[in-house]
Every structure is written in C-alpha cells, then in structure tokens.
Amino acid sequence: MTAALEISGLVKTYQSLFGKPRVALDKLDMVVERGEIHGFLGPNGSGKSTALKTLLGLLRPDAGHMSILGETVPRALPRVAPRVGAIVEAPAFFGNFSGYKTLSILAKAGGVPKDRIGIVLDQVGLASRAEDEIKSYSLGMRQRLAVASALLKDPELLILDEPNNGLDPAGIREMRDLLREQAERGMTIVISSHILAEIQQICDSVTIISRGRRVGAGPVAQVLAANDQGTYRVRVDNHREAAHILSEAGAQVTLAADHIIVHDLADPAWISRALGVNDFWVRELSPVAQLEDAFLNLTGGGPRRGQLRPVDNSEWPADPLPVPQGDVIEQGHAS
Ligand SMILES: Nc1ncnc2c1ncn2[C@@H]1O[C@H](COP(=O)(O)OP(=O)(O)OP(=O)(O)O)[C@@H](O)[C@H]1O
C-alpha cells in the first residue's frame, strides 16, 4: 500500500519585494505510513507550516513531489481533499454562533451528513456546550471545536498544526485519547507540535526538520536510540548538594524539583562513585531517553557543555548552581 503522505525534494522560497528571497523549504523529504500517528517537529521558523500549507495546496511549491493517500498533489487535490481533514492555522469562528451551528454550516458546505455533527461533538467532549455561543468558549474549547470541524468528514488522514495550543493538562490528555481512538480506527494522523514530551507519548514515528530540511526521521524509539545522549536521572536525599558535587566534579548537571539530570555521560557508575565517596546514597539511577534531547541534538540547539538548564516544567533553581569552570568531564573520562 502507498504511504499516507510522501514529500520529496520540496522547495519553497518566499519572494520579497525589498529583502532577499527566503528559502523556507530546502529539498524537504518526508514519509508518513498509513495508520501511524506521526510527529512533525522543528524549531520555530524551520518550515513546518510552510510544508503543510504547500501540501494542502495553500502555497505553490517551487520544486519537488508530493502525494497524499497515493495521489499526486496539488493536481489530485480536488479528488483527495474529501479524505483529508486539516487544521493548519487556527480557524476563525464567529463568536455569536454556537458550536453546533458552526459545524452544521461546515457540514452543509462539505456535503457531510448531519448526524456526523453530534458524533464529532461527542468525540471532542463538547456535546454539553454545543448550543452555547463560541465567544463563551475557552481557548481550549475553540481548539477542540477546530478538531471537530476537521473530523466532520471522518477523514483517512488528519493533519493538525499544534493541536495542543491553549489546552490545559486535562485538555491535552483528552486530545491524546481522542487522537489515539481515531488512530485505532485506522486514521493516519500528522501532528506538528512543540510539546516534545507529548509527541514522545503519542506518536509512533517522527520527522524532525531544521531550516527546511529533514534532519531526523523514523520510529520514535529508533530516533531516541540513534540520539542517545548518555542522560541519566539521579535521585538522592539532598539532591541540591549532590548536584553541586557532580557539577564540581565536572559533570553537566540539571537540577529539577526532586531529582538531578546528568548529561553526556558514558558510564553511569561514575555517578554512584562520585556521590558514594561523599557519603551520598543513590536511590535511583536511570537512563533518560528524551525526544527533546534528540530534537536539540538534531536541530543544533542542544545544551552547551557545562551549561545548566531547567528540565520539564521545573523552575530554575533559586540560586543556580555554578557552571563548572574549566573543561567538563569528557564522556570517556567519566568512568
Ligand atoms: N509569508 C511569508 N513571507 C515570507 N517569509 C515567510 C512567510 N511565511 C513564513 N516565512 C518564513 O519561512 C520560514 C519558515 O516559516 P514557517 O512558518 O513555515 O516555520 P514553522 O516551522 O511553521 O514555524 P513556527 O513553529 O514558528 O510556526 C521562516 O523563516 C519564516 O520567517
């Protein structure tokens, strides 16, 4: 069977009247197999929206080949569009219309049977607010309404640009469940997102781009393994002082709320030894394979040696640990 989505050698340059032309896509390649949830990742300005808009016929490419569900686009877009649901830019809704009315108008325009409206409202958890005016909706509810509009056609391929924007943690979990349910029914889903931990949880595979080019792709586990950064989570009593000791000894250390992350280490036994000689007992020492590390590694925005940075949503320590002076322990030496 053909891939759900295939892009090869895609080039898009934005022309400018005054400045220099801007190359947004520089021979981009991307493949999404059917039935996958696929994460489309890249730093700000790397070309994700441009790629999705070009794929959906909203921008004209300069070169390259694209196909959706086995059909070459943009030529076959009129035929393939009814099988694709997409939100590429936050849709503007009329605040005075209800969610139900909005979806009815969209359903009518798209020739979608009316009974789909109730189904998608249920799926996105908006059934109880369907008759309320959209201006009373939170940002997260508007986001869910947008997803509902993309689901109206019961598409084979769903493309969502930043679907978790504006959602609180409960909303993110609901969105995750919703997308998983759709994928289990056989829908292929492409999500562009900056929330890497979320992508790591939900996606089967990823494409990572930087400056308009693919820099990494494949099943999530494979991308993680290929970019293993020798990162370990350490739990000890008095982790702040322990972090000092490891930092003084030359390790790259990040202090989180209740644990320490040590980066770029060849042999984790070094941690136990360094802490053991200072009478610290390690309660947990586990490898951390983070998509964030792979992402930063591949897109060139990784942490610099000796630099401390916060992880997860933890805050900067009140009095940041000193950056180790001199050379940080090299991978091969820290053993
Ligand atoms: N209409 C435009 N005219 C000129 N340059 C543009 C235009 N739209 C985007 N660009 C430029 O093209 C490049 C890619 O932008 P794009 O919006 O596709 O990136 P992105 O990965 O979607 O970014 P973000 O994550 O911030 O949404 C950027 O350098 C951007 O400044």
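At what angle do helix α3 (residues 99-109) and helix α4 (residues 115-123) pack? I began with this pair and read an angle of about 130 degrees, with the axes 10 Å apart. Axes here are lines fitted to C-alpha atoms, for helices over the stretch in contact, and angles run from 0 to 180 degrees between N-to-C directions. Helices (H or I, at least four residues) and strands (E, at least two) are DSSP runs, numbered from the N terminus.

I noted the basis before going on. This is a predicted model, in which local features need pLDDT of at least 70 and side-chain atom pairs count only at pLDDT 80 or more, while totals for chains, interfaces and linings use all residues. Residues are numbered from 1 along each chain as its sequence is written.

Entry: α3 and α4. I put the pair down as oblique, because of the angle; under 35 degrees counts as roughly parallel, over 145 as roughly antiparallel, 65 to 115 as roughly perpendicular and the rest as oblique. On the α3 side I listed G99, Y100, L103, S104 and A107, and on the α4 side R116, I117, V120 and L121. Contact requires C-beta atoms, placed from the backbone, within 7 Å. These contact residues are 6 nonpolar, 2 polar and 1 charged. Ala, Val, Leu, Ile, Met, Phe, Trp, Tyr, Cys and Pro count as nonpolar, Asp, Glu, Lys and Arg as charged, and the others, Gly among them, as polar.

Entry: α3 and α5. I then looked up helix α5 (residues 139-151), whose axis comes within 10 Å of that of α3 and crosses it at roughly 25 degrees. The two are therefore roughly parallel, and their crossing is right-handed. G99, T102, L103 and L106 of α3 meet L145, A148 and S149 of α5. I sorted this contact into 4 nonpolar, 3 polar and no charged residues.

Entry: ligand shell. I found Y14, R22, A24, G42, N44, G45, S46, G47, K48, S49 and T50 around the ligand, each with its C-beta atom, placed from the backbone, within 6 Å of it. β2 (22-32) and α1 (48-55) each supply at least two of the shell residues, and α1 gives the largest share, 3 residues. By class, the shell has 2 nonpolar, 7 polar and 2 charged residues.

Entry: annotation. In the unreviewed UniProt entry I found "domain: ABC transporter" over residues 5-236. That span is 32% helix and 29% strand, and its end C-alpha atoms lie 47 Å apart.

Technical notes
Contact = placed C-beta atoms within 7 Å. UniProt positions renumbered as here; feature names shortened; annotations may be inferred. Left-handed = near helix turned anticlockwise from the far one by under 90°.
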